[in-house]
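Subject: The structure I promised you

Hi,

Here is the structure I said I would pass on. Have a look at it first, and then read my notes below.

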Amino acid sequence: MSYAFCSYGPQSASNLMVQGSINVLGEPAYCFLPAVRSAMIETAGDSCALRDDQDQIVIRDDWIWAAPASQKMTAAYMVIENHGSTEIALVSASSDASRVFELHKMELENGFMRMHKIDSIKIPADGIAELKPGGYHLMVIDLNKELKEGDKVSMTLQFTQDIKKSITLTAKPRREAEK
């Protein structure tokens with residue numbers, strides 16, 4: 001976590017009072033905040049802290065299906081936690097491993113499972129979105145190389161509110177991933 005510079009004097013144009021923050025002397029605490037996009041302010045007692053987007057979004061249980069050289073597409077899965085106070089949405093992904101990424105959702109329609117391309121996957125405030133087989137997932141299309149079990153794939157996820165998150169997924173064989 002990175003910290004903001006705090007002072008206890010009067011507010012100036014370059015300082016910002018964090019609502020409800022009081023120093024140990026019972027006076028308002030002011031925090032100097034440089035121009036920072038998509039950052040949230042936390043207050044804790046007598047300190048002012050700047051929380052970056054890395055703290056708002058947590059990615060866990062992330063993996064990608066291994067794919068032989070003859071297979072040009074696969075899928076990636078993960079659990080996305082939103083620790084923020086507002087809803088966000090996953091809107092895209094990018095990686096050197098593939099040319100195209102699409103957000104998809106599997107749904108039961110007339111007794112058949114059908115896959116649909118979607119524009120975004122919403123993650124509610126203080127909630128989660130689970131990308132898993134048979135539900136939401138990230139289609140990885142036009143792979144640049146074979147993905148063998150244990151291979152690592154670096155990926156950048158783009159969310160609303162100009163939030164980006166870089167992750168590294170591990171390739172798993174289908175038989176292991178289905179356990």
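Which residues have the most contacts inside the largest nonpolar core? Before I get to that, a word on where the values come from. This is a predicted model, so to speak of local features we need pLDDT of at least 70, side-chain atom pairs count only at pLDDT 80 or more, and totals for chains, interfaces and linings use all residues. Residues are numbered from 1 along each chain as its sequence is written, and side-chain values use heavy atoms, with hydrogens and water left out.

Now the core. The residues with the most contacts inside it are Ile80, Leu90, Met155, Leu157 and Phe159, and this largest nonpolar core has 29 residues. By nonpolar core I mean a set of buried Ala, Val, Leu, Ile, Met, Phe, Trp, Tyr and Cys residues joined through side-chain atoms within 4.5 Å. Buried stands for under 20% relative accessible area, exposed for over 50%, and partly exposed for anything in between (1.4 Å probe, protein chains only). Leaving aside residues up to four places away in sequence, Leu157 touches, among others, Ile59, Met78, Leu90, Leu138 and Ile167; a contact here is heavy atoms within 4.5 Å. There is also a second, separate core of five residues, including Trp63, Trp65, Ala75 and Tyr77. In soluble globular proteins, nonpolar side chains tend to be buried together.

Stepping back to the whole chain: you will find two helices and 16 strands. These are DSSP runs numbered from the N terminus (helices are H or I with at least four residues, strands are E with at least two). Of the 179 residues, 36% count as buried. Among contacts between residues at least 6 apart in sequence, 61% join residues at least 24 apart. The accessible surface comes to about 10300 Å², and 51% of that belongs to carbon and sulfur atoms; the areas come from the Shrake-Rupley method with a 1.4 Å probe.

Six bridges join β7 to strand β8 (residues 73–82), and the two run antiparallel. On another pairing, β7 and strand β16 (residues 163–172) go together in the parallel sense over three bridges. Strands pair, by the rule used here, if DSSP finds at least two bridges between them.

Rings of Phe, Tyr and Trp (its six-membered ring) pair if their centres lie within 6.5 Å, and planes under 30 degrees apart count as stacked, over 60 as edge-to-face and the rest as tilted. By this rule the count comes to three aromatic pairs. The ring centres of Trp63 and Tyr77 are 4.6 Å apart with the planes at 35°, so this pair is tilted. It links β7 to β8 across 14 residues of sequence. Trp63 counts as buried at 10% relative accessibility, and Tyr77 is buried too, at 4%. For Trp65 and Tyr77 the centres are 5.2 Å apart and the planes at 80°, so that pair is edge-to-face. Trp63, Trp65 and Tyr77 form one aromatic cluster.

What about charges? The structure holds six salt bridges, each being a side-chain nitrogen of Lys or Arg within 4 Å of a carboxyl oxygen of Asp or Glu. Arg60 forms one with Glu81, with the closest N and O atoms 2.5 Å apart. Arg60 lies in β7 and Glu81 in β8, so the pair ties together parts that are 21 residues apart in sequence. Arg60 is partly exposed at 34%, whereas Glu81 counts as buried at 15%. Elsewhere, Glu102 and Lys117 meet in a salt bridge (4.0 Å, N to O), linking strand β10 (residues 98–109) to strand β11 (residues 112–118). Lys117 is exposed, with a relative accessible area of 58%. Arg114 pairs with Glu109 at 3.7 Å between the closest N and O atoms. Salt bridges that share partners also join Arg60, Asp61 and Glu81 into one network.

Last stop: Ser154, which sits in strand β15 (residues 152–159). Ser154 is partly exposed at 49% relative accessible area. Ser154 and Asp96 are 58 residues apart in sequence and 7.6 Å apart in space, C-alpha to C-alpha.

Cheers
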